[in-house]
Amino acid sequence: MIAYQHHPAYSLVIAANRDEFYERPTAAARFWEDCPWILAGRDLEQMGTWLGITRNGRFAAVTNFRNPALNMEGAKSRGELVSRFLRENQQPRKYLETVRDERGLYNAFNLLVGDRNSLFYYGKTENRIRKLSPGVYGLSNSLLDTPWPKVVKGKNALEKYLQLSGSIDPEPLFSILADGKPAPDEELPSTGVDLEWERLLSSIFIAGKNYGTRSSSIITMDRKGHVVFLERSFHTHNPKEWEEVVFEFDVSTP
């Protein structure tokens with residue numbers, strides 16, 4: 001979930017879960033030694049990331065698009081799409097134009113990229129670059145704002161909280177991300193996986209045997225450019241057991 005230019009005190013609020021197989025090696029969020037301006041977790045298998053922000057306020061996030069029929073052998077890691085944007089200094093739209101030209105190298109994905117002045121979205125299956133207006137958006141493993149039950153639930157909860165809060169306390173946002181209630185069968189999407197998987201994946205917080213929510217992240221940027229990044233990494237199926245890292249910094253100007 002992302003609230004962009006939607007709150008009087010904050011230009012950006014991101015509340016996101018990362019869902020992945022438990023066996024995939026991962027490093028918790030930190031400033032990268034090889035790119036010290038990037039703050040993000042890291043996939044140690046392919047060395048990319050799913051969500052991150054830079055010291056000058058560039059940010060990006062990627063999700064997979066769930067449709068096994070679209071998967072290709074030998075595709076490049078989608079985490080590279082985020083890390084490359086954060087490494088470079090291209091304008092968000094220009095970067096997505098490059099990604100669009102190279103989309104055939106990757107399995108289906110959704111990509112959000114932005115800076116202090118703009119936010120853009122590109123989904124490979126839609127193949128359209130969209131500039132996003134101020135508002136609250138939800139993204140899971142289909143196109144932006146596809147009304148899956150957990151997307152609707154998360155967006156509504158975030159918007160309600162922001163309407164009632166002058167300053168942001170991360171705990172209510174983490175509570176939204178910790179919701180493990182699955183959707184009713186009649187509301188499940190049909191994405192090409194079996195019913196058991198659709199049920200498991202329908203909750204905001206996923207706790208499967210081999211796959212589930214590995215981390216929850218909250219990123220806020222206030223109108224003065226002060227960034228707070230909190231990440232909770234889970235090593236069990238229990239959303240109440242975690243290791244937390246917290247970073248704060250002021251966005252630098254070029």
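Buried means under 20% relative accessible area, exposed over 50%, and partly exposed in between, with a 1.4 Å probe and protein chains only. This is a predicted model, in which local features need pLDDT of at least 70 and side-chain atom pairs count only at pLDDT 80 or more, while totals for chains, interfaces and linings use all residues. Residues are numbered from 1 along each chain as its sequence is written, and side-chain values use heavy atoms, with hydrogens and water left out.

**View A. Glutamate 198 and arginine 66 form a salt bridge**. With a salt bridge taken as a side-chain nitrogen of Lys or Arg within 4 Å of a carboxyl oxygen of Asp or Glu, the closest N and O atoms of this pair are 3.1 Å apart. Because glutamate 198 lies in helix α5 (residues 195-201) and arginine 66 in the loop between β6 (59-64) and α1 (79-87), the pair ties together parts that are 132 residues apart in sequence; helices (H or I, at least four residues) and strands (E, at least two) are DSSP runs numbered from the N terminus. Both glutamate 198 and arginine 66 are buried.

**View B. Glutamate 45 forms a salt bridge with arginine 24**. Their closest N and O atoms are 3.6 Å apart. Glutamate 45 belongs to the loop between β4 (38-43) and β5 (51-54) and arginine 24 to the loop between β2 (10-21) and β3 (26-31), so the pair ties together parts that are 21 residues apart in sequence. Glutamate 45 is partly exposed, at 45% relative accessibility.

**View C. Aspartate 34 is joined to arginine 42 by a salt bridge**. The closest N and O atoms are 2.9 Å apart; aspartate 34 is partly exposed, with a relative accessible area of 47%, whereas arginine 42 is buried at 9%.
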